[in-house]
Amino acid sequence: MNDQDIQVFISGIRRYFESLRKDLKVVIEPPFIKEDEKPFLEYTGIIGISGKTRGAVCFTANGVMLENILRFLNEAPINGELICDLVGEIANTLSGNAREEFGRDFLISVPVVSTGGEVRFRFPKECRNYVIPIIWQTEKAYLLVCLT
Amino acid sequence: MKLLIVDDSSVVRRAIERDLESGEITEVDQAATGEDAVRLYGAKLHDVVTLDITMPGMDGLTCLDKIIEINPEARVLIISALRDKATAIDAIKRGASGFLCKPINPSELKEAFDLLIED
């Protein structure tokens, strides 16, 4: 993983949030590396990565942000099932979009969703955890990129 | 006109249905898996199918092969997060009529759909 690789995910994040509404800018704070615990929030969509690169890409957010996104998508009524569906779909979109840079050998799994800030996923030990902080409509989320 | 929307995300399926709402579409079916999609398509031969690729069980490209086996003239629009050219080219070679990348842009989706039904 290098800066250019991280940039691919940042472009994907911008693309996703601008697709909801162009005039509401998403703020992406400087990415950082977190060696110890991962900053999981209320809902986490996890995509396992295999092929030439191994690891996971996780999108994690609180319910408020995800509910706001669902409102932009004209979903009503909003419930926990829809929120879980959405967080998995965002993780899928951001991971799949990265194939633009990484190519077809960047194999992505279907999403696994965890709630309550607890994530049971076996991350490869040799991965470094890149954390990309995202702020949209005052709410914070993170994209975690843990790849070999 | 009959439309079949195939995606494992219900949020995406509903967004596509809303984006494509028009007088031309008289019947909409949704499927969350490739297996259900093949079964539904075999029974109803929908005029247009929108198809995701990354799904649990049968993936979208295998599902595409099976739909094309049923009807070589099927009009299938792939809507996938997979943004690499090789996947898009592969899908077109296997018989897809178009390829759109997620996140979905409603105007691009409508344009692609209109092009498909003009053919």
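Helix H1 of chain B contributes the most to the lining of the largest pocket, with 5 residues. Helices, like strands, are DSSP runs numbered from the N terminus (H or I, at least four residues, for helices; E, at least two, for strands). This is a predicted model, in which local features need pLDDT of at least 70 and side-chain atom pairs count only at pLDDT 80 or more, while totals for chains, interfaces and linings use all residues. Residues are numbered from 1 along each chain as its sequence is written, chains are lettered from A and ligands numbered from 1 in the order in which they are written, and side-chain values use heavy atoms, with hydrogens and water left out.

The pocket has a volume of about 350 Å³. Its 18 lining residues include A:Leu20, A:Leu73, B:Ala15, B:Asp19 and B:Ile104, which lie nearest the centre. At least two lining residues come from each of H1 and H3 of chain A and helix H1 (10–20) of chain B. A pocket is an open set of points on a 1 Å grid over the protein atoms alone, where a 1.4 Å probe fits, with protein on both sides within 12 Å along at least five of seven lines; lining residues have an atom within 4 Å of a point. Points are joined across faces, edges and corners, and the volume is the space filled by probe spheres set on them.

The contact (heavy atoms within 4.5 Å) takes 23 residues from chain A and 21 residues from chain B. About 1800 Å² is buried between the chains, carbon and sulfur atoms giving 54%; this is the accessible area (1.4 Å probe) lost on putting the two parts together, summed over both. Between chain A and chain B there are 6 salt bridges, each a side-chain nitrogen of Lys or Arg within 4 Å of a carboxyl oxygen of Asp or Glu. In one of the salt bridges, B:Arg14 pairs with A:Glu75, with the closest N and O atoms 3.1 Å apart. On the side of chain A that touches chain B, helix H1 (3–20), helix H3 (80–97) and helix H4 (99–102) of chain A each give two or more residues. H3(A) gives the most to that side, with 8 residues.

The residue classes are as follows.

The peptide bond from A:Ala76 to A:Pro77 is cis, with omega near -5°. A:Pro77 lies in the loop between helix H2 (63–72) and H3 of chain A.
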